[in-house]
Amino acid sequence: MSVSFLRDNFLLNSETAVQLYHQYAKHMPIMDYHCHLNPQEIYENKSFKNITEAWLYGDHYKWRVMRANGVEEKYITGDAEDFDKFMAWAKTVPTLIGNPLYHWTHLELQRFFDVHELLNEQTAPAIWEKVNAQLQGSGFGARDLITKSGVTVVCTTDDPTDLLEEHKLIAKLKDFDTAVLPSFRPDKGLELNRPTFRPWIDKLGEVSGIDVTEYSGLLRALESRVEYFHSVGCRVSDHALDVLLYAPATLEEVSAIYAKALQEGQVTLEEEAKYKSFTLIHLGQLYAQRGWAMQYHIHALRNNNTAMFRRLGPDTGYDSINDGSIASALAALLDGMDATGNLPKTILYSLNPVDYPVLASVAGSFQAGGTAGKIQFGTAWWFNDHKEGMLEQMKLLASMGVLSRFIGMLTDSRSFLSYTRHEYFRRLLCDLIGEWAEHGEAPNDLELLGGIVQDICYNNAEKYFAFPAVVPVK
C-alpha cells in the first residue's frame, strides 16, 4: 500500500500554501542551531549497522510511545536483538495516528531511503532489508546524512569542561562543508544543590588551570572557557532552567553561598536563587560582549521515575512538563543584564505551553534597535513540536510580536535522520500563511509572503547567529 497521506501537498490545504512551500520553502538549507548530535560520530562519519541503531538507539520520543503501547523494556533499551526491537517499533507505529511520530517515521523512510510503504508488522521485514542494504553501502554515514539534508550549521550541546577536540578536527575536513560548532551549556555549574556540583567544579578548575576554591575564581574560569569556546566557533549558549528562580544578591553574598556549597554540599532555596541569579547575569554579560545568543529552556520536569532513572539514567523518556510561575523571575534576569547594557540576543523556550503568552510578552519588553528580533520567543519545543503545538506558537508570536523575524525551527535531536522535522515545520508555516492569504487576512502577494517564508526557514537564523565559516549549500 502506498503512503497516500504523504503526497506532495501533505499539510498544504490551499493553493497559496502549495506555492509557498514548493516555490519558496522546500529547497531552503537548514541551520541546526540546537541539537544533541555527537560530534565524534560526525567526525568519524559514523556508519550504522542497521535501521535500529540509526533510528531507535537513544530516541526517547520513540521509547515513550513504545512503553505506552505495552512494549517490554527489553525491546526498547534492553538486550533484545536489533531486529526484534525494530519489529516492536513497527508494531507500535500503526497505533500512532495523530502523533507526529507517525508522520516523522514515514517522512524519514521516504526522504532518506525511498521507502513509500506504510511501516507495520507485515511490511517491516522487507523494509528492514531494504533500508539496511542502503545503510551498509556508501553515502549513509553521519556526515553524509547531514549533507543530504542541506544543513549548513550544526550546533552540538557541550559542557564548558569539554575540550572540543572533535570540533577542531571536523573544521579541518576538506570534503565536508557543514560547520559543526559547540554550544556552551553550564548547567552543572549552576545546580549547586546536586551531587554533580563539586566534581564539576573540580574538573572546571583542572581544565581551565584556574583556582576555583573561591567564587571569584569560578567567574574567571567560566570566562576562560567562554573565550575558549568562542575561539572554536561557539556563538550560542544554552541553559536548562527547569525551575526559574530570581533573588537579588551582592558579590559578597554569592561568594559566601558558593563557599558554603563547596563545604557543606547544600544551601537553602533562597541562597540557590541568589547564586543562580548572580551567575546567570554574569554569564549573560559575557555572552553579550562576544555577540553570542543565549538560550533559556524552561519548565522541564526531569527524571520523574526514580526506579527507571537508577536503572537507565537521564534522557531515557521519563521527563514531563513542569509548571509554576516564571514571569517575574525571567523579567528580572533579563533586566539585570540589560541594566548594564549587556543583554545578549536571547531565545526563550518553555516546555509548558501555558507559558507562551508570558514568553512572547516578556520578549517584547526587551527588544532593542539594531538587532531585529533580538529577544526571540523560541519554536515549539520537545512535547510541543507537533502540528498543533507549532501552529499555536507561530500564531501567538504573530499576534504579540513579529513573526517575520522568527528564527524558525530547530532539530533538538540525537538522530541524524531527524531533519525531516524541518520539512514538517515548513509545511505548517506555509499552510498557516497561505490560510491567512486565502481568507483575505494577508495580501496574496507571493513575492512578499515567499520572502517571509524563506526568512523564517533560514535567512533570519543566518543573520541572527552570524556563525563563522558558514558555507552556503550548493
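Select helix α19 (446–465), which lies across β4, β5, β8 and β9 and runs at about 125° to β8. Helices here are DSSP runs of H or I with at least four residues, strands are runs of E with at least two, and both are numbered from the N terminus. Angles run from 0 to 180 degrees between N-to-C directions, with axes fitted as lines to C-alpha atoms, for helices over the stretch in contact.

The model is predicted: local features need pLDDT of at least 70 and side-chain atom pairs pLDDT 80 or more, whereas totals for chains, interfaces and linings use all residues. Residues are numbered from 1 along each chain as its sequence is written, and side-chain values use heavy atoms, without hydrogens or water.

Four strands form an open sheet in the order β4-β5-β8-β9, with parallel pairing; two strands pair if DSSP finds at least two bridges between them. At the edges are β4 (236–241) and β9, each of which pairs on one side only. On average, neighbouring strands of this sheet are turned by 15° against each other, direction ignored.

Zoom in on β8 (residues 345–350) and β9, parallel strands joined by three bridges. Thr 346 can be selected here, with Ile 375 of β9 opposite.

Move to helix α13 (residues 269–289), which lies across β4 and β5 (293–298) and runs at about 160° to β4.

Trp 382 has a positive phi of about 60° although it is not a glycine. Is this residue, Trp 382, buried or exposed? Trp 382 counts as buried because its relative accessibility is 9%; buried means under 20% relative accessible area, exposed over 50%, and partly exposed in between (1.4 Å probe, protein chains only).

Contact (heavy atoms within 4.5 Å) is made by Tyr 356, Pro 357, Ala 360 and Ser 361 of α16 and by Gly 389, Glu 392, Gln 393, Leu 396 and Met 400 of α17.

Finally, return to α19 and select Ala 466 in the segment that follows this helix. Phi of Ala 466 is near 50°, a positive value in a residue other than glycine. Ala 466 counts as partly exposed, because its relative accessibility is 49%.
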